[in-house]
Amino acid sequence: MPRIAIIGGSGVYDPALLTNIREETVKTPYGSVRVKIGEYNGEEIAFLARHGEGHSVPPHKINYRANIWALYELGVERILSTSAVGSLNLDMKPGDFVILDQLMDFTKTRHYTFYDGEESPHDRKFVAHVDFTEPYCPELRKALMNAARELGFTYHPTGTYACMEGPRFETRAEIRALKILGADVVGMTQCPEAALARELEMCYASVAIVTNYAAGISPNKLTHTEVVELMAQKSNEIKLLLMNTIKYIPKERRCPCKDALKGATGE
Ligand SMILES: O=P(O)(O)O[C@H]1O[C@H](CO)[C@@H](O)[C@H]1O
Ligand SMILES: Nc1nc2[nH]cnc2c(=O)[nH]1
């Protein structure tokens, strides 16, 4: 049973470096999800391509609830993910790794919770308001930093991610506003993915890879081609970082993530 899962974002479509890979189709109340399960250093690791293997699913159409529920069904406790981002912070340049510690949600049409009360399509028919002060697991963030340091990779230990609806990129005015609000990087997929993991008391962290400067900061037209090309250039480093992080993840969970529902339902 895999305790750890990796969600690969744009440019990270295969569970390279895993061995003995099998594929499972996990049925969830939100639909079926194909998950790959392999081994790394004798430990079972689950892998999920966020956009599907051929990048066939755009950010606003991803079935985030099915994805996270599927990993929960498999017994996953810890989720590491990648996020390709634009940078609003000149210190965070293309090719840099950012270990996210904060996020802001500007998405509009997504499904944000598992807890729809009586309408929930499962037996958790209650209302829950989870604490999200710290949206990322401190233990997973530390593990990512330890691995990046060991590998000698340039990384930023904190970063605030603004999640936009997409699928278009931003206007110059939107980036100007996000900068005033304190965003360092911008993407389209951390919300509701991170919050849904917290709602199932799973640990979640994301390493953002800066693929471009954001609209109005970059002198060039923004293209998904540039995003995928940069991710391809960083592919080996990203896989090394993710695999090297595994050994730094404590077996015992001492983080607040595991108790997220305590006090959230008013019980
Ligand atoms: O966040 P990931 O899945 O890395 O994808 C990023 O890349 C796409 C834009 O090129 C958007 O979907 C953005 O969110
Ligand atoms: N929203 C958004 N997502 C990205 N992913 C990679 N670059 C960008 C960007 O500039 N904006």
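Predicted model: local features only at pLDDT ≥ 70, side-chain atom pairs only at ≥ 80, totals over all residues.

Me: Got it. Which side chain has an N or O atom 2.6 Å from an oxygen atom of ligand 1?

Reply: That's T189, whose side chain puts an N or O atom 2.6 Å from an oxygen of ligand 1. The backbone takes part too: a backbone N or O atom of A84 is 2.8 Å from a ligand 1 oxygen, and a polar backbone atom of M188 is 3.1 Å from an oxygen of ligand 1.

Me: How much of ligand 1's accessible area does the protein cover?

Reply: On its own, ligand 1 has 350 Å² of accessible area, and the protein covers 96% of it.

Me: And where does ligand 1 sit?

Reply: In the largest pocket.

Me: OK, on to ligand 2. Which residues surround it?

Reply: Among them are A84, V85, G86, E170, G187, T211, N212 and L222. At least two residues of that shell come from each of β5, β10 (185-187) and β11 (203-213).

Me: Which element gives the most to the shell around ligand 2?

Reply: β5 does, with 3 residues.

Me: What about polar contacts there? Which polar atoms lie by the nitrogen atoms of ligand 2?

Reply: The side chain of N212 has an N or O atom 2.7 Å from a ligand 2 nitrogen. A polar backbone atom of A84 is 2.9 Å from a nitrogen of ligand 2, and a polar side-chain atom of T211 is 3.5 Å from one. As for cover, ligand 2 exposes 280 Å² when taken alone, and the protein buries 96% of that.

Me: What pocket is the space taken by ligand 2?

Reply: The space that ligand 2 takes is the largest pocket.

Me: Changing topic: how many disulfides does the structure hold?

Reply: It holds 0 disulfides.

Me: Are C163 and C203 buried or exposed?

Reply: C163 counts as buried, at 0% relative accessibility. C203 also counts as buried, with 0% relative accessibility.

Me: Nice. Where is Q190, and what does its side chain make a polar contact with?

Reply: Q190 is in helix α4 (residues 190-199). Its side chain makes a polar contact of 2.9 Å with the side chain of Y204. Q190 counts as buried, because its relative accessibility is 0%.

Me: Last one: where does P29 lie?

Reply: P29 is in the loop between β2 (19-28) and β3 (31-40). With a relative accessible area of 32%, P29 is partly exposed. P29 and M92 are 63 residues apart along the chain, and 39 Å separates their C-alpha atoms.

Conventions. Residues numbered from 1 in each chain as written. Chains lettered and ligands numbered in written order. Heavy atoms only, no water. Disulfide = S-S within 2.5 Å. Buried < 20%, exposed > 50% of the residue type's maximum accessible area, 1.4 Å probe, protein only. Polar contact = N/O pair within 3.5 Å; in protein donor to acceptor, adjacent residues only side chain to side chain. Areas by Shrake-Rupley, 256 points an atom, 1.4 Å probe, with all protein chains shown as cover. 1 Å grid on protein atoms, 1.4 Å probe; cavity = no way out; pocket = protein on both sides within 12 Å on 5 of 7 lines; lining within 4 Å. Sits in = over half its atoms within 2 Å of the grid points. Helix = DSSP H or I, 4+ residues; strand = E, 2+ residues; numbered from the N terminus. Near = heavy atom within 4 Å.
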